[in-house]
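Thanks for coming. I will go through one model today, starting with the overall figures and then moving to single residues. Please have the sequence and the coordinates open.

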Amino acid sequence: MKRTGLPYINNAKAVLLTASVNLAIVFLLYWPDGISYRGVLWDSLICAAITTAIDLWVVFVQLLKLRWGGQIPTQVPVSPFMQRLPSNPFLLGVLFTTVFGMLAVGANAAILWFFERQHLAFVPWLAYKLVYSTILSVIITEYCVFRYVQPDWVDARVASSGSQIVLKPVRNPLPKVSLLKEVYASVTGNLATNMIAGLAFGGVAIASDGSVFITPTTVEGVPISGLIFGLIVGVLVTRSVLQEIRRQIPVADLPDSQPLTLDKRFTWMPKGNVTLTLFVCVCMMVFSSVALWALMKLFDLPVMNVYQYAVFITVYASIVSKLLSYVLVRRCTQPDYLRYMQKRGKGQSVDCSPV
């Protein structure tokens, strides 16, 4: 049986393991006094090295077993760039540690400097380390997998031996313009809407010479910004995912007699485009309103100027948009949703009860 997807290993193991190790380091080294600005920079290098070592080891061992068993498909998104990277796990580990270490140091230094944080107390540092080490682990794991499914490493004769195993697809982790567009649109839309609301209800002042003064975002007012942002990102991301699903998945190929094997973690969500969009918007509005307030309280940010708020909401949007896209894709690739779209296209009544 020919499989066109890429073998996606169980990356949850690697992510959970690296997150646990990094959190253990926080308790061992930084309890109860927290960490200084310089300490965060050194910790970023250590985190990158530990994360790369664990993730690369987990990925390489599992993909090596798949390769020996002839269970890696040969039809993969080929990346000339990834094939230029070393296939030797030690050399690749050194390269990834260097690159991701520099990125982690640069990003953390910029964020702490921009928000004028010279010291983080233990609880804020614990939360911050959990978030950024988990994101770093997910990214490194995806790049490791993508490197070791390239045809220069996979032996074509062994890989084409006819595996019957069903393998989950691996997405190309290289940056995509589409997601960046949604993040940019949600952030700029949020800033513009807050400015309009400020003109209407106060908080934005226009001087006699035409200069615009924007009052800094406060922890008391950020829940309103969360409601606005949740509405915008809910609409944009849901619309983007639904359009991509309709474009890529041939629902007409789903036989009516095919039993429905449903993942109940996602099938409880609505199927209709309008109802699903409304549901996502309400959830995102409530979640963002609470989350943005909690983050400002946790990191002791009573006020932010407009530039700090732009960076703050951009980082938040980047994380939330990816998580929301994942949930929506899982929902819209469930058999009951595909059956619903198929029936809707034929103008028939829908019966999506599981078999």
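**Overall figures**

The chain has 12 helices and six strands. Helices here are DSSP runs of H or I with at least four residues, strands are runs of E with at least two, and both are numbered from the N terminus. Before going on, the conventions: this is a predicted model, so local features need pLDDT of at least 70 and side-chain atom pairs count only at pLDDT 80 or more, while totals for chains, interfaces and linings use all residues. Residues are numbered from 1 along each chain as its sequence is written, and side-chain values use heavy atoms, with hydrogens and water left out.

Of the 355 residues in the chain, 41% count as buried. Buried means under 20% relative accessible area, exposed means over 50%, and partly exposed is in between, with a 1.4 Å probe and protein chains only. The accessible surface of the chain is about 19000 Å², and carbon and sulfur atoms hold 68% of that. Those areas come from the Shrake-Rupley method with a 1.4 Å probe, and for residues only the protein chains shown count as cover.

Now contacts, meaning heavy atoms within 4.5 Å. Among contacts in the chain with a separation of 6 or more, 88% are between residues 24 or more positions apart.

**The salt bridge**

How many salt bridges does a search of the whole structure find? The search finds one. The criterion is a side-chain nitrogen of Lys or Arg within 4 Å of a carboxyl oxygen of Asp or Glu. The partners are Lys129 and Asp43, with the closest N and O atoms 2.9 Å apart. Lys129 is in helix H5 and Asp43 in helix H2, residues 37-68, so this pair links distant parts of the chain, 86 residues apart. In general, side chains of opposite charge can pair when their charged atoms come close.

Are the two partners buried or exposed? Lys129 is buried, at a relative accessible area of 1%, and Asp43 is buried, also with a value of 1%.

Ile35 belongs to strand S1, residues 35-36, and counts as buried because its relative accessible area is 3%.

**Aromatic pairs**

Next, the rings of Phe, Tyr and Trp, taking the six-membered ring for Trp. Two rings pair if their centres lie within 6.5 Å; planes under 30 degrees apart are stacked, over 60 edge-to-face, and the rest tilted. The count by this rule is 14 aromatic pairs.

One of them is Trp31 with Phe122: the ring centres are 4.9 Å apart and the planes are at 85°, so the pair is edge-to-face. Trp31 sits in the loop between helix H1 (11-30) and S1, and Phe122 in helix H5, so the pair ties together parts that are 91 residues apart in sequence. Trp31 is exposed, at 56% relative accessible area, whereas Phe122 is buried, at 7%.

Trp125 and Tyr132 make a tilted pair, 6.5 Å centre to centre with 40° between the planes. Trp125 is buried at 0% relative accessibility, and Tyr132 is buried at 11%. Both rings belong to one aromatic cluster, made up of Tyr30, Trp125, Tyr128, Tyr132 and Phe299.

Thr141 is in helix H5, residues 122-147, and is buried, with a relative accessible area of 0%. Thr141 and Ala12 are 129 residues apart in sequence, yet 9.5 Å apart in space, C-alpha to C-alpha.

Thr238 is in helix H8, residues 222-248. Thr238 is buried at 1% relative accessible area.

**A surface residue**

Last, Phe90, which lies in helix H4, residues 89-114. Phe90 is exposed, with a relative accessible area of 61%.
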